[in-house]
Amino acid sequence: MSVVNLNPGYPTSLDDAFPVKKGEMIFQSSVLTDIYQEQAGGKERSRIQTLHDVRYGFSENVEFTVGANSLRGSELTPSLEDRAAIRVSVLTRLVKPVNQGVTPHVSLRFQGNVPLESGTMFKGSLIATWAIGQSWWLSSSLWHAISEGEGPSLWGVRHSLTGVTTGAVHAISPEFSVVMNASYHENHVPPFGGERYIFVPEVGLVWLFHRQWQLTASVGRDFLGVPGNSILQGRVGLSFGF
């Protein structure tokens, strides 16, 4: 396992263009808690989201992921992810530079959600990752998601979201790395007047405390949003690979 090979949710929302090694399988689980207000000046509330994923390196450039998520909390406020769903995604690396330089690793990730409560969700991401020196990696992803189904969608009245996530990973040592990133995307919480977009900075840590075990943790916050967006969010995850 590598402290610089990321998967959304472990520790932050930052994704990279690297699939896991061919034949490698990684089991991951994380718990996200966030605090928000359902209305301006109202009482602060909290909700808990859990993620469970299995990643498999099908080939040198292809990774398959199967996962599930659940969310406990108010049903009045839309969430970025489905309240309960089975998720399937494939990451395909299109460009793998021979030498470190200006050319990045480039991948496409396609994700589909099989809903247990809300409408079906599909998401596509174009991801580029640059190696900078021996201990820094810069990643940026442009993504678009759509939610389909009868009646209100996963995000209330909005049926699609577009955004960009950019950040860096710094390997302090073979066992530790720091993740810093920010997302800027269309707001998933109505009303969508002057707060159409939100800005979400995050910082996280990855600790490889055993060659097969990895602990992740992160904190973040929604800015420019409306009541219902996160005042503070924290995530803790655990990964096992073989």
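How many aromatic pairs does the structure hold? Seven. Rings of Phe, Tyr and Trp (its six-membered ring) pair if their centres lie within 6.5 Å. Planes under 30 degrees apart count as stacked, over 60 as edge-to-face, and the rest as tilted.

Quick background. This is a predicted model, where local features need pLDDT of at least 70, side-chain atom pairs count only at pLDDT 80 or more, and totals for chains, interfaces and linings use all residues. Residues are numbered from 1 along each chain as its sequence is written, and side-chain values use heavy atoms, leaving out hydrogens and water.

Now, one pair. Tyr-184 and Tyr-197 are stacked, 5.2 Å centre to centre, with 10° between the planes. Tyr-184 sits in strand S9 and Tyr-197 in strand S10, so the pair ties together parts 13 residues apart in sequence. Strands here are DSSP runs (E, at least two residues), numbered from the N terminus. Tyr-184 is partly exposed at 40% relative accessibility. Partly exposed lies between buried, under 20% relative accessible area, and exposed, over 50% (1.4 Å probe, protein chains only). Tyr-197 is partly exposed too, at 31%.

Next pair. Trp-213 and Phe-240 are tilted: 4.7 Å centre to centre, 45° between the planes. Trp-213 is in strand S11 and Phe-240 in strand S12, so this pair ties together parts 27 residues apart in sequence. Trp-213 is partly exposed, at 32%. Phe-240 is partly exposed, at 24%.

Ring pairs link Phe-27, Trp-213, Phe-240 and Phe-242.

Technical notes
Helix = DSSP H or I, 4+ residues; strand = E, 2+ residues; numbered from the N terminus.
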